[in-house]
Amino acid sequence: MSSPAPFLHEAIEMAVQNVTAGQGGPFAALIVRDGEVIGRGTNVVTARNDPTAHAEVTAIRQACDALDDFELTGCTMYATCEPCPMCLGAAYWARLDRIDYAATREDAAAAGFDDHHIYEELAKPPSDRHLPMQQRLPEEAQRPFEAWLDYDNRVPY
């Protein structure tokens with residue numbers, strides 16, 4: 001494995017440029033496979049009015065487009081900050097091999113990007129969360145899964 005420093009330096013520079021250009025928050029990420037950058041992303045939440053447009057997610061999207069695949073096995077993410085719960089979930093779904101990051105979530109919180117409340121919420125049962133959640137129509141809930149299991153051309157993920 002090559003040194004993570006050059007990739008983290010590039011991501012940090014991207015994040016600084018993102019802020020000074022007024023494009024979004026102080027976050028950037030690279031997806032690297034075999035020493036080659038295949039995806040780059042910066043935080044463009046406010047520029048796109050998209051709360052999911054975090055740097056890690058935009059980098060994952062670009063890398064998946066580059067590979068024409070929804071899996072990033074064999075790839076490493078280099079991020080300017082420890083991924084938030086959403087981005088970490090996306091990294092698991094993308095099946096990245098590893099994540100190297102620079103700043104911690106505590107560093108992000110000190111700059112006004114605190115996701116601690118999300119970690120607290122995830123530890124609670126759905127019925128006790130701040131965002132109310134309740135299961136409905138349990139008698140019909142299995143129909144989409146049954147259709148999936150009966151579909152001969154499904155692509156497992």
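Author: Welcome! One definition to start: helices are DSSP runs of H or I with at least four residues, strands are runs of E with at least two, and both are numbered from the N terminus. The model you are looking at is predicted. D68 lies in the loop between α3 and β3.

Reader: What makes D68 count as exposed rather than buried?

Author: Its relative accessible area is 72%. Exposed means over 50%, so D68, at 72%, is exposed. D68 also has a positive phi, near 55°, in a residue other than glycine.

Reader: Which value of phi does N49 have, and where is N49 placed?

Author: Phi of N49 is near 50°, again a positive value in a residue other than glycine. N49 sits in the loop between α2 (45-48) and α3. With a relative accessible area of 70%, N49 is exposed.

Reader: Why is P51 called exposed?

Author: P51 has 59% relative accessibility, and because the cut-off for exposed is over 50%, P51 counts as exposed. P51 is in the loop between α2 and α3. Leaving aside neighbours within four places in sequence, P51 is in contact with V45 and M86.

Reader: Let's move to E56. How do you know that E56 has no salt bridge?

Author: Look for the nearest side chain of opposite charge: that is R61, 11 Å away. A salt bridge needs a side-chain nitrogen of Lys or Arg within 4 Å of a carboxyl oxygen of Asp or Glu.

Reader: Where does E56 lie, and which residues does E56 touch?

Author: E56 belongs to helix α3 (residues 55-67). Not counting residues up to four places away in sequence, E56 touches A29, M77, A79, C81, P83 and C87.

Reader: What makes strand β3 "mostly covered"?

Author: Seven of the seven residues in β3 (residues 75-81) are buried. Buried means under 20% relative accessible area.

Reader: How do you know that β1 and β3 pair?

Author: Count the bridges: β1 (residues 28-33) and β3 share five, in the antiparallel sense. Pairing asks for at least two bridges found by DSSP, so five bridges are enough. R33, for instance, stands opposite C75 in β3.

Reader: What makes β3 and β4 a pair as well, and in which sense do they run?

Author: Five bridges join β3 to β4 (residues 98-103), and these strands run parallel. With at least two bridges required, β3 and β4 therefore count as paired. In β4, the bridge partner of M77 is I99, and that of A79 is Y101.

Reader: Why is the crossover from β3 to β4 called right-handed?

Author: The chain goes from β3 through helix α4 (residues 85-94) to β4, a right-handed β-α-β crossover. The name means that, with the strands pointing away from the viewer, the path from the first strand over the helix to the second runs clockwise.

Reader: Which residues of α4 are buried, and what covers them?

Author: P85, C87, A91 and A94 are buried in α4. The cover includes α3, β4 and α6 (116-122). After α4 comes R95, whose phi is positive, near 60°.

Reader: To finish, how many helices and strands does the chain have?

Author: The chain has seven helices and four strands, which run α-β-β-α-α-β-α-β-α-α-α from the N terminus on. Of its 157 residues, 32% are buried. Taken along the principal axes, the C-alpha atoms fill a box of roughly 50 × 40 × 30 Å.

Key. Residues are numbered from 1 along each chain as its sequence is written. This is a predicted model: local features need pLDDT of at least 70, side-chain atom pairs count only at pLDDT 80 or more; totals for chains, interfaces and linings use all residues. Side-chain values use heavy atoms; hydrogens and water are left out. Buried means under 20% relative accessible area, exposed over 50%, partly exposed in between (1.4 Å probe, protein chains only). Lys and Arg count as positive and Asp and Glu as negative; His and the chain ends are not counted. Contact means heavy atoms within 4.5 Å.
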